[in-house]
Amino acid sequence: MDAAQQEATARARELQRSWYGEPLGALFRRLIDDLGLNQARLAAVLGLSAPMLSQLMSGQRAKIGNPAVVQRVQALQELAGQVADGSVSAAEATDRMDEIKKSQGGSVLTGTSQTTNSSGAPTVRRVVREIQSLLRSVAAAGDIIDAADSLAPTHPELAEFLRVYGAGRTSDAVSHYESHQN
């Protein structure tokens, strides 16, 4: 990729961050992981072609042009949160994804409840995702691991935090957090 392409991709990802809260590649990879999908299935549920999904993920395209697709993304984020907190089973999630796929969309300005659990508190998974998104917005996983290695002799707790939350999988970070709660 030449410098102009890299600059265009970086600009597209910054636009995505401002429009959607994070680059779409990170958001879509999380949905794929959390809902047990592959890219083709995610594209089908969202109502996008596989090449369009790939272009959005890679930053070759910045914007989701169809408001109904944006609403389906929001619905999938909410569903992923419900799967994570155990309020929706895998079988129910499959049925819900089929419903989401068929939805025509409505107002994209309505908020979703994906950031909180039934008590109104943020879910652990959501907080972990926010931490990961923040760390990954400033450095690649390899760079985070290098930083952790450099910090390990003098700041072992911080090094562990960076390895688990910055470079690790969401499910591993949630398990780590839960294992350290008493």
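Quick housekeeping. This is a predicted model, where local features need pLDDT of at least 70, side-chain atom pairs count only at pLDDT 80 or more, and totals for chains, interfaces and linings use all residues. Residues are numbered from 1 along each chain as its sequence is written, and side-chain values use heavy atoms, with hydrogens and water left out.

Now the whole chain. Of its 182 residues, 35% are buried, meaning under 20% relative accessible area; exposed is over 50%, and partly exposed sits in between, with a 1.4 Å probe and protein chains only. The accessible surface is about 10200 Å², and carbon and sulfur atoms hold 53% of that; the areas come from the Shrake-Rupley method with a 1.4 Å probe. On contacts (heavy atoms within 4.5 Å): among those with a separation of 6 or more, 61% link residues 24 or more positions apart.

Let's zoom in on helix 5, residues 67–84. Is Gln 82 buried or exposed? Gln 82 counts as buried, because its relative accessibility is 18%. Setting aside neighbours within four places in sequence, Gln 82 touches Ser 87, Val 88 and Arg 96.

Pro 67 lies in helix 5 too. Pro 67 has 49% relative accessibility, so it counts as partly exposed.

Conventions:
Helices (H or I, at least four residues) and strands (E, at least two) are DSSP runs, numbered from the N terminus.
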